[in-house]
Amino acid sequence: MRVFGLILVLTGALFSTPKDYLLVSTKQFTVQGTTSIGGFECNYDMNAKDTLFFNQPDRTKKISHSVPVKSFGCGNFILNNDFRKTLKEKEFPNVRIELSNFKKTAENFSCDLTLNLVGKQKIYKNLLLKSDKNRLVGNITLQFSDFNLTPPKKIGGVIKIKEEIKLSVSLQTE
């Protein structure tokens, strides 16, 4: 009987189709930048279940979020206020992030990312999503000038934020 069970398990492993979906439980969006005196990081975490379908044109699925600018946490109220002011929160209270066109190859994942920020839309095709334990993580480098923004300065220009910032998308999978 044990031999028969072993044959069933091996046959199932050989002829089963690879998993073409992932269950997502948490999403995190992180903005990182560098100043003349150090770095900063602003985060937004969201617990929300989603299913990502890979390489399935008939099951096109998008993950779309309208993230309130005021919900990003940068570590303290001064950085939070500077972040909100830089992203013109009063005029544009939300950042829209959309992930779509999920693909899976032998070792990697990718998707398209659409970012709506301060009234401007940018599309980043084939964003590489690296698998790290139970997470998919993708990073893109942005410029303030991509969105017609000026990097903020403090204390008469003594503290300056560099033009380049990084946006990280992390999807916790089950």
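**Figure 1. Surface and overall make-up of the predicted model.** Residues are numbered from 1 along each chain as its sequence is written, and side-chain values use heavy atoms, leaving out hydrogens and water. Of the 174 residues, 37% count as buried (under 20% relative accessible area; exposed is over 50%, partly exposed in between; 1.4 Å probe, protein chains only).

**Figure 2. The run of helices and strands.** Two helices and nine strands make up the list (DSSP runs numbered from the N terminus: H or I of at least four residues, E of at least two). Along the sequence they read α-β-β-β-α-β-β-β-β-β-β. Among contacts with a separation of 6 or more, 56% come from residues 24 or more positions apart (contact: heavy atoms within 4.5 Å).

**Figure 3. Tyr44 against Phe72.** Two aromatic pairs turn up in the protein (Phe, Tyr or six-membered Trp rings with centres within 6.5 Å; planes under 30 degrees apart are stacked, over 60 edge-to-face, the rest tilted). Tyr44 and Phe72 make a tilted one, 5.9 Å centre to centre with 45° between the planes. This pair links distant parts of the chain, 28 residues apart: Tyr44 sits in strand β2 (residues 38-53), Phe72 in the loop between β3 (63-68) and α2 (77-86). Tyr44 counts as buried because its relative accessibility is 14%; for Phe72 the value is 4%, so Phe72 counts as buried too.

**Figure 4. Phe72 again, now with Phe83.** These ring centres are 5.3 Å apart and the planes stand at 50°, so Phe72 and Phe83 are a tilted pair. Phe72 is in the β3-α2 loop and Phe83 in helix α2, so the pair ties together parts eleven residues apart in sequence. Phe83 is buried, as is Phe72.

**Figure 5. The largest pocket.** Its volume is about 520 Å³ (on a 1 Å grid over the protein atoms alone, a pocket is an open set of points with protein on both sides within 12 Å along at least five of seven lines; lining residues have an atom within 4 Å of a point). Of the 32 lining residues, Phe40, Cys42, Phe83, Pro152 and Ile161 are closest to the centre.

Notes: This is a predicted model: local features need pLDDT of at least 70, side-chain atom pairs count only at pLDDT 80 or more; totals for chains, interfaces and linings use all residues. On a 1 Å grid over the protein atoms alone, a cavity is a set of points where a 1.4 Å probe fits but cannot get out, and a pocket is an open set with protein on both sides within 12 Å along at least five of seven lines; lining residues have an atom within 4 Å of a point. Grid points are joined across faces, edges and corners, and a volume is the space filled by probe spheres set on the points.
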